Amino acid sequence: MKRKLLSLMLVGTMAASMVACGSSADTATTDTASDDAAATTEEAAPAANVQSDDENTLTVYAWDENFNIPALQAAEKDYQEVNPDFHLEIITQSQSSDVENAVTLAAEAGDYSTLPDIVLFQDHYFQQYVTNYPDAWQDADDADCDWSGLGAEKLSYSTFDGKHYGFPVDAGTAIFAYRTDLLEEAGYTIDDVTGITWDEFDKIGKDVYAATGKYLLCMDGDGNDLFYMMLQEEGVSQFKDGEPYFTENETLVNVFHTLVTLAQDNVLYLANDWSDYTDQAIQGDMVAGVFNGNWIIPTMKQVSENSGKWEIVPAPTLTGKPGYASNGGSSLYITANCSKTDLAKDFLSYTFGGRSAEDGQSITYDEALTNGGVIGTCAAAAESDVYQQGVDFFNGQAIYADIVGYTQNVPTVEQSDYHYQARTALATALINVLQNGYTEEQALEEAESNLRFEMGL
């Protein structure tokens, strides 16, 4: 009962956490889908209309008409190549928390008939929901899908008790982007920031700040995702065996010290909130580097005068090995209310599962990217002309193929229902050191203690 009460409490606060993933408000800046495609999208409908009697029609809850919805429309078009009678009825929700709320309310009522066939769900929340409400879902373990080509880390969110439940939509794979013109002003090239340690990054960052007045890294100080990404690069989690892993976690201690140093050296800018991070830091031309999930790209591209000045490379690490991480993203899941399970599995396997990409050309992946800016996870999709093309904003770099390549290398680490609470605890700890006179040891001890209390440990 405690876990169920917790999930009900979270429903009211999930909107705030959306800023850390591709489902967030920042995706509103992605390219808009065509008018014809938009016309097929249904507005949010009453619960009584979530099912269709037509044997070739599936219903789905999803959000974001500029990002996820074009991806689903592309998938419908793709599957119609093999099933011309197929129709996907997209019931648009205003935000991801609407979907989470619908699942919670159905589960608490013990009535899943109010759910559609498929729901789009944030990756970091699924483990919590399949744990609390195991009867709400149908697994897809026997689907005709080559799971090995979709990225092990991405699938770790949607795999439970060894069974696959979800089909990835967007890869939350992180990029580290640099302004090459600003690096040049400080006497550096993109090669100088490739395959480096965080200590080397700090030195370069100090030189960049001295030469240009720009920070080489920025992040929302309240929703600080740097801890998670920097740990994941090293193959380490914030949790161990289901419990907070802070003070005894040597890697986390080193990451924490690194972030303190970067902030004190004017290499890292900690924004006051999400708007400050996107509008003032990134779009306001305060920074020479951006490290976050690739969904941050549309935000960067709003500054058209910076086109051709950015390039991406793997992130720095503690040891200097190429750094690969992920942050955010979502997947599609079949609900307990779906009576056309075979159709749902085949549709999802063929489209987002990448079966249509086996010949190197997938309508789902190609049009999701061109119409919505959605970068998928399927390794085979990266062989298409769309993914291989150079991107002018990134100096002609074929970033989409590169990002799919990064996806295959992101380490899988232990996940937790309390991911966002850990993020808050560590963000607060960093601010306590920088502004409130805490030592690093005191800050981490308090953060771990508070999180353990919140988890009831």
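Predicted model: local features only at pLDDT ≥ 70, side-chain atom pairs only at ≥ 80, totals over all residues.
Strands E8 and E13 run antiparallel and are joined by 5 bridges. They belong to an open sheet of 3 strands, in which the order is E13-E8-E14 and the pairing is antiparallel. Strand E13 (289-293) and strand E14 (310-313) stand at the edges with a single partner strand each, so one side of each has no neighbour in the sheet. Direction ignored, neighbouring strands of this sheet are turned against each other by 30° on average.

Helix H10 (residues 226-233) lies across E8 and E13, and runs at about 80° to E13. Helix H17 (residues 399-407), in turn, lies across E8 and E14, and runs at about 20° to E14.

## The largest cavity

Strand E8 (residues 174-179) also has a part in the lining of the largest cavity, to which it gives the most, with 3 residues. This cavity has a volume of about 50 Å³, and the model holds 3 cavities of 30 Å³ or more.

Which residues lie nearest the centre of the largest cavity? Of the 13 residues that line it, Ala174, Ala315, Gly323, Tyr324 and Ala325 are the ones nearest its centre. Sorted by class, the lining consists of 10 nonpolar, 2 polar and 1 charged residues.

## Strand E9 and its parallel partner

Strand E9 (residues 217-220) is joined to strand E12 (residues 268-271) by 4 bridges, and these two strands run parallel. Within this pairing, aspartate 220 has alanine 271 of E12 as its bridge partner.

In a regular strand, side chains alternate between the two faces of the sheet. In strand E9, Leu217 and Met219 point one way, while Cys218 and Asp220 point the other way, and all of them are buried.

Is lysine 154 buried or exposed? Lysine 154, which has its place in helix H7 (residues 152-158), has a relative accessible area of 3%, and it therefore counts as buried, the cut-off being under 20%. When neighbours within four places in sequence are left aside, lysine 154 is in contact with Asp123, Pro168, Asp170, Ala171, Gly172, Gly328, Gly329, Ser330, Ser331 and Thr377.

Threonine 57 lies in strand E1 (residues 57-63), and with a relative accessible area of 6% threonine 57 is buried as well. The C-alpha atoms of threonine 57 and phenylalanine 86 are separated by 5.8 Å, although these residues are 29 residues apart along the chain. Leaving aside neighbours within four places in sequence, threonine 57 has contacts with Ser52, His87, Glu89, Asp117, Lys340 and Leu343.

## The protein as a whole

The elements described above are part of a protein that has 19 helices and 15 strands. Of its 457 residues, 62% are buried; lysine 154 and threonine 57 are examples of buried residues. Among the contacts in the protein with a separation of 6 or more, 77% are between residues 24 or more positions apart.

Conventions
Residues numbered from 1 in each chain as written. Heavy atoms only, no water. 1 Å grid on protein atoms, 1.4 Å probe; cavity = no way out; pocket = protein on both sides within 12 Å on 5 of 7 lines; lining within 4 Å. Points joined across faces, edges and corners; volume = space filled by probe spheres on them. Nonpolar A, V, L, I, M, F, W, Y, C, P; charged D, E, K, R; others polar. Buried < 20%, exposed > 50% of the residue type's maximum accessible area, 1.4 Å probe, protein only. Contact = heavy atoms within 4.5 Å. Pairing = 2+ DSSP bridges. Axes fitted to C-alpha atoms, helices over the stretch in contact; angles between N-to-C directions.
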